[in-house]
Amino acid sequence: MYKKVLFLFILFLFTRVSAQQDTLSLIFVGDAMSHLTQVNNAWNGKEYDFSNYYKSIEKEISQVDFAVVNLEVPLAGPPYSGYPCFSSPDIFAQTLKDAGFDVFLVANNHCLDKGTKGLKRTFSVLDTLGIKYMGAYANPQVRERMYPCLLLRNGFRIAMLNYTYGTNGFMVEAPCIVNMIDKKLIQADIEEAKRMKPDIIIANMHWGNEYQLQPSKEQKELAEWLIQQGVRIIIGSHPHVVQPMEMRKDPTGKNTELVVYSLGNFVSNMPFPNTTGGGLVKIILTKNEGQTEIASAGYSLLFTHRQPLPSGRISYEVVPGSAWCDSPAKDTVSDISKLREYIKGVRELLNKYNVNVEEYKFE
């Protein structure tokens, strides 16, 4: 009897471990920005405090195997600044890490806002915090060691890439490197990624036209080219607004590739139409007879809630807009009308143009 119970227990553990190894979950969000108004309101008289920012979504973020965010501000040290040349307090990155983000993208048009010196300091801060990052590097040797970025968990090997269309006219000084969108470079990196024997290759692209709700011709053409090279998941950023998403399928109905043209703003102080929130995409990968499949991909909408405080400061909080929009319990929230207007507009866009990617909600 004892041996039978022991056998069943071992079988249960083996089955559970096998199930864990056969599934991998990922979350991607858009641009994490820190405008000067955000920085000023984060000062509590003693220190900068962004701890309120992600309390409503950190459970969703932290429960997946890997969460990826575009860090669209350099950590260049004081004096801190916002648009057009950002420099954010180091605690801004620490708070993102504490919320559950595992991988930071740094190839974007603001990474050189404070020059190569500011970029180097960003590397130093992220290294000190133990944060995995990609897209820009201190020198060719570091890039060779760190890139393509290989993520290992649950028996999966995920190769990730990151590139930007430009850096607002600022030039990186050698030996630092910022990954630019250049087909020759990208093709070489994809071939290097393939030598890593990954289960799937993911490309994070900082591209497109700001504030445009539809992807540009260049985005579409580059997405097609990336897929032809072997990339199966493409996640876009930069336009500061959410753009449509497409899950492609083969003739049998099996998911083959996912293209997300833009996830918009994750957190910011932008007041323009369609910029007060962004999208979150959750992807589940599975293995079936050694073949990695995109089992599912769904989006949820986020909103940057701004709450005036008695002190006169403004509290910023990224909230699950999809859920808040439909909840009568949120009727008294100070900016609920703006939230609902934002969610309504993005839903209409995605309901019309998304292909095989549906909305999901979380509290």
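Start by selecting Ser 81 together with Ser 34, Leu 36, Phe 86, Ser 87 and Lys 114: leaving aside neighbours within four places in sequence, these are the residues that Ser 81 is in contact with (contact means heavy atoms within 4.5 Å). Before you go on, know that this is a predicted model, where local features need pLDDT of at least 70 and side-chain atom pairs count only at pLDDT 80 or more, while totals for chains, interfaces and linings use all residues. Residues are numbered from 1 along each chain as its sequence is written, and side-chain values use heavy atoms, with hydrogens and water left out.

Stay with Ser 81 for a moment. Its place is in the loop between β2 and α4 (90–99); helices (H or I, at least four residues) and strands (E, at least two) are DSSP runs, numbered from the N terminus. Is Ser 81 buried or exposed? Ser 81 counts as buried because its relative accessibility is 14% (buried means under 20% relative accessible area, exposed over 50%, partly exposed in between, with a 1.4 Å probe and protein chains only).

Next, select residues 23–32, which is strand β1. Nine of its ten residues are buried. Now colour its partners (two strands pair if DSSP finds at least two bridges between them):

- Strand β14, residues 277–288, runs antiparallel to β1, with seven bridges joining them. Click on Ile 27 and you'll find Lys 282 of β14 opposite.
- Strand β2, residues 66–71, pairs with β1 in the parallel sense over five bridges. Here Leu 26 has Phe 66 as its bridge partner.
- Strand β13, residues 265–267, is parallel to β1, and two bridges join them. Look for Ala 32 opposite Val 267.

Finally, zoom out to the whole protein chain. How many helices and strands are there? The chain has ten helices and 17 strands. Its C-alpha atoms fill a box of roughly 65 × 55 × 45 Å along the principal axes. Of the 363 residues, 55% count as buried. Among contacts with a separation of 6 or more, 73% are between residues 24 or more positions apart.
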